[in-house]
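Reader: I have a structure open and would like to go through it with you. May I put some short questions as we go?

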Amino acid sequence: MVEIRLHDSRTRRKVALAPLDPTNVRMYVCGPTVYDRAHLGNARPVVVFDTLYRLLRHVYGADHVTYVRNFTDVDDKINAAAQALKASGDPRSLEELIAARSDETIGWYHADMDALGALRPDLEPRATAYIAPMIAMIETLIARGHAYEAEGHVLFDVRSYPAYGALSGRSVDDMIAGARVEVAPYKRDPMDFVLWKPSGPDLPGWDSPWGRGRPGWHIECSAMSHELLGPSFDIHGGGIDLQFPHHENEIAQSCCAHPEGGFAGIWMHNEMLLVEGKKMSKSLGNFFTVRDLLDQGVPGEVIRFVFLSTHYSKPMDWTAEKAAQAEATLRKWRGALTGVAPSAPDDMVVVSLEDDLNTHNAIRQLHGLYDRLDLVRKVENYGHPLDRAQLVEPGAVIEARFLASAQLLGLLTPDMVDWASVPFADLSGPTARLTALRADAMATKDFSAVDAMKAALVAAGLEVRMSKAGVELVPGAGFDPAKLESLK
RNA sequence: GGCGGGUUGGCGGAGAGGUUACGCACCGGAUUGCAAAUCCGUGAAGACCGGUUCGAUUCCGGUACCCGCCUCCA
């Protein structure tokens, strides 16, 4: 029996995933606040949970997994962006500007994450479409004595929920002791957090029992996960930086409003991303978006490969060297699998992923598959000291399994842009000329003409292979057919 | 100040209390007009200090350094 084991942040141990309903495994992942292009760090959870999504679909069936990832389109940063536009003379209303900004950002997000080979979640709810459920949930919390109204705000009463702090391993008292926050005077407890806040006329707002206002940051995920997945579901994911306060507050809200449910069974958090050993920040000048990398010619698949090379629970350092290495590996694999159709993924790859999404180990298995494929092809094509009879599997079987395994990781998929393919060019002319030049040089021992042509071919991005068998020209990474014109 | 994560060979990066991780690079050899590609092979590690153990890089404690959260944040 297949068993997926995942590290649960709440209990701090690896647990077996036992879906509440194996015909509908449910996962909720906190999505982006849509006010700007996604930076590289935003992409890590997308790739991590996309890989988990693919594994779940493989194990339970593609139709038996529901993956929800929200868009937060209620946020002061979006408001600020819209207000700035309005101040600069844009005639549209604030609501229109906000909606336009959100729509535009969601479009960018989809395009950028698609490029990383991430499947779209089954559901991508927008917070603004769930204001009514949020208000209903807040009313329930007030009715049950877990929230209170004060000066137009509604606050969650952390002292009413004894388990508050369990997820992040903090106690309310400790947090207050080390708090650096200015405490609003209307709070009963400094750690109480906002469920609803009032909106002035210059801000978007919705009518509520507490006047025109807007929801606090955390209530949206509680309301949307409940609406779409129910009071109990299997996996809740997000970046480790969301563990507190966002996820802690989600638990408090959801468990107090719906004590009949268990909310999320397993909590998963991915660690942060560093760039060349440092935190990504605008002040350090190492802040960049996914789109920046794509525009620089770094294929999305390379970004994905680099992400998968580090376990999700460890800090991951983005470096140019890693990207170059990933690109070389992928280029090698793509070259070996041209025209191959996938079969079923390798057991060891599946087992690796089932062990708390050990993507690094899975990639290691892919390397092993490549080596075997390489060896088998040699035997099949050229003969080899190894006896053919010793081959357990023909190359066609291995390559099909190799491709299926890579695709389980979201690599080498049909959807992925075939960035490694090279422009087509008829190389028979140059090949024949070089062969002739070489034959002459062999006789005269003057290789200057051969070396000159070779240098020109290399400059055009070709790999020049000369052996007893003859001359072979292989297009490389930077192959430019136009540069061959000068050779004619 | 409180909480959490990390520290492995030149670089990246795993698993496992005792047996070669692996990839890339490097070096030696084969091959080549020279290369490239390919093949064969060698070497190299576990931040530091203690403890447990027959034996620890792997478990426990402490120290140092790095990163994150506690305020918007994936």
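Predicted model: local features only at pLDDT ≥ 70, side-chain atom pairs only at ≥ 80, totals over all residues.

Reader: Which helix is Cys-221 found in?
Author: Cys-221 belongs to helix α6, which covers residues 219–229.

Reader: And why is α6 said to be largely enclosed by the rest of the structure?
Author: Because eight of its 11 residues are buried. Among them are Ile-219, Glu-220, Met-224 and Leu-229, as well as Cys-221 itself. After α6 comes Gly-230, which has a positive phi near 95°.

Reader: Which residues does Cys-221 touch, leaving out those up to four places away in sequence?
Author: Cys-221 touches Tyr-28, Cys-30, Asn-70, His-246 and Glu-250.

Reader: Which residues does UniProt list for "binding site"?
Author: The unreviewed UniProt entry lists Cys-30, Cys-221, His-246 and Glu-250 under that heading. They span 221 residues in sequence, but no two of their C-alpha atoms are more than 10.9 Å apart, so they gather at one spot. Of these residues, Cys-30, Cys-221 and His-246 are included in the lining of the largest pocket.

Reader: What about His-246: buried or exposed?
Author: His-246 is buried, because its relative accessibility is 2% and the limit is under 20%. Its place is in helix α7, residues 243–257.

Reader: Which residues is His-246 in contact with, sequence neighbours within four places aside?
Author: His-246 is in contact with Cys-30, Trp-217, His-218 and Cys-221.

Reader: Let us change topic. Where does UniProt place the 'HIGH' region?
Author: The unreviewed entry puts this short sequence motif at residues 32–42.

Reader: Now to the strands. Which way do the side chains of β1 point?
Author: They alternate along β1, residues 5–8.

Reader: How many bridges join β1 to β2?
Author: Four bridges join β1 to β2, residues 13–16, and the two strands run antiparallel. Opposite His-7 stands Lys-14 in β2. The hairpin of β1 and β2 has four residues between the strands, and Arg-12 takes a positive phi near 60° there.

Reader: I also have Tyr-370 marked. Where is that residue found?
Author: Tyr-370 is in helix α12, which covers residues 359–382. With a relative accessible area of 14%, Tyr-370 is buried.

Reader: Finally, which domains does the assignment give for chain A?
Author: The domain assignment gives domain 1 at 17–274, domain 2 at 316–417 and domain 3 at 428–487. The centres of domain 2 and domain 3, taken over C-alpha atoms, are separated by 31 Å.

Terms used:
Residues numbered from 1 in each chain as written. Chains lettered and ligands numbered in written order. Heavy atoms only, no water. UniProt positions renumbered as here; feature names shortened; annotations may be inferred. 1 Å grid on protein atoms, 1.4 Å probe; cavity = no way out; pocket = protein on both sides within 12 Å on 5 of 7 lines; lining within 4 Å. Contact = heavy atoms within 4.5 Å. Buried < 20%, exposed > 50% of the residue type's maximum accessible area, 1.4 Å probe, protein only. Pairing = 2+ DSSP bridges. Domains from an automatic or database assignment.
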